[in-house]
Amino acid sequence: MTTALILFAEGFEEIEAVTQVDILRRGGMDVTTVSIHPDKLVEGAHGLKVEADETLDTLTGEFDLLVVPGGMGGVNNLRASAIVLELVREMYQGGKWVTAICAGPLVLAAAGILKGKTATCYPTLEVELEGASHSEELVVTDGKLITSRGPATAMLFALQIVEEIMGSDKRRELEEDLLFHLL
């Protein structure tokens, strides 16, 4: 089974994080949410509190996929963590999928993995995508990197992750179950 790790830090963007947990689980992935703080309870940018499955300091196991949600407060907390930056680098260098949405790609840039890649992010933040070629597409896949623009693209982002890892049939199945195909 494909294993996914989703990072939660104080100030995360709720739509982006929770949508990924939900859609990836519906897509058949084993999703682990992890707080980068000592406490499993993490508060989002708009007051939603989520209890993560694990904390970063006790996390064990191998993961096939890393998801970095946006929300500037959360992203600033993630970028300030040497452990998070090393995790991003290790997963990318290990050939794992590394994904980020909204301001989340700034964490990938801080980890130094966007050089020579095409990526997207929340409008106005592209100046911080050091070494990346910026795209205005809603979701961008470049090798094993997937990036997306922001809250409104959270579902597209999740469905693209499902398609890349679980296949286009699984994506179509989810789109029908969620009535997404009606849009």
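The conversation below takes the terms one at a time and sets each value against its definition.

Modeller: This is a predicted model, in which local features need pLDDT of at least 70 and side-chain atom pairs count only at pLDDT 80 or more, while totals for chains, interfaces and linings use all residues. Residues are numbered from 1 along each chain as its sequence is written, and side-chain values use heavy atoms, with hydrogens and water left out.

Colleague: What makes a stretch a helix or a strand here, and how many of them does the protein have?

Modeller: Helices (H or I, at least four residues) and strands (E, at least two) are DSSP runs, numbered from the N terminus. On that basis the protein has six helices and eleven strands.

Colleague: Why is the protein called as compact as a globular protein of that length?

Modeller: The radius of gyration is taken over C-alpha atoms, and the globule rule is 2.2 Å times the number of residues to the power 0.38. For 183 residues the rule gives 16 Å, and the protein has a radius of gyration of 15 Å, close to that value, so it is as compact as a globular protein of that length. Along the principal axes, its C-alpha atoms fill a box of roughly 40 × 35 × 35 Å.

Colleague: Why is Ala111 called buried, and what does it touch?

Modeller: Buried means under 20% relative accessible area, exposed over 50%, and partly exposed in between (1.4 Å probe, protein chains only). Ala111 has a relative accessible area of 6%, and is therefore buried. This residue lies in the loop between α4 and β8. With contact meaning heavy atoms within 4.5 Å, Ala111 touches Leu85, Val88 and Arg89, residues up to four places away in sequence not being counted.

Colleague: Why is Gly112 placed in another class, and where is it found?

Modeller: Gly112 is found in the loop between α4 and β8 (118-119). Its relative accessible area is 33%, and Gly112 is therefore partly exposed. Pro123, in the loop between β8 and β9 (133-134), has a relative accessible area of 36% and so is also partly exposed.

Colleague: What makes Cys102 and Leu179 stand out in their backbone angles?

Modeller: Phi of Cys102 is near 65°, a positive value in a residue other than glycine. Leu179 likewise has a positive phi of about 65° although it is not a glycine.

Colleague: Which of these, Cys102 or Leu179, is buried and which is exposed?

Modeller: Cys102, in the loop between β7 (97-101) and α4, has a relative accessible area of 8% and is therefore buried. Leu179, in the segment after α6, has a relative accessible area of 51% and is therefore exposed.

Colleague: How do you know that the buried residues of α6 line one face of the helix?

Modeller: In helix α6 (residues 168-177), the residues Arg171, Leu174 and Glu175 are buried. Seen down the axis of α6, they fall within an arc of 100°, so they line one face of the helix; the arc is that of the directions from the helix axis to the C-beta atoms. On the other side of α6, Asp169 and Asp177 are exposed. What covers the buried residues of α6 includes α1 (14-26) and α5 (154-166).

Colleague: What puts the buried residues of α2 on the same side of that helix?

Modeller: In helix α2 (residues 72-79), Gly74, Val75 and Leu78 are buried. They cover an arc of only 100° around the axis, which puts them on the same side of α2. Their cover includes β1 (3-8), β6 (65-68), α3 (82-93) and α4 (105-110).

Colleague: What do the totals for burial and contacts come to in the protein?

Modeller: Buried residues make up 51% of the 183 residues in the protein. Among the contacts with a separation of 6 or more, 63% are accounted for by residues 24 or more positions apart.
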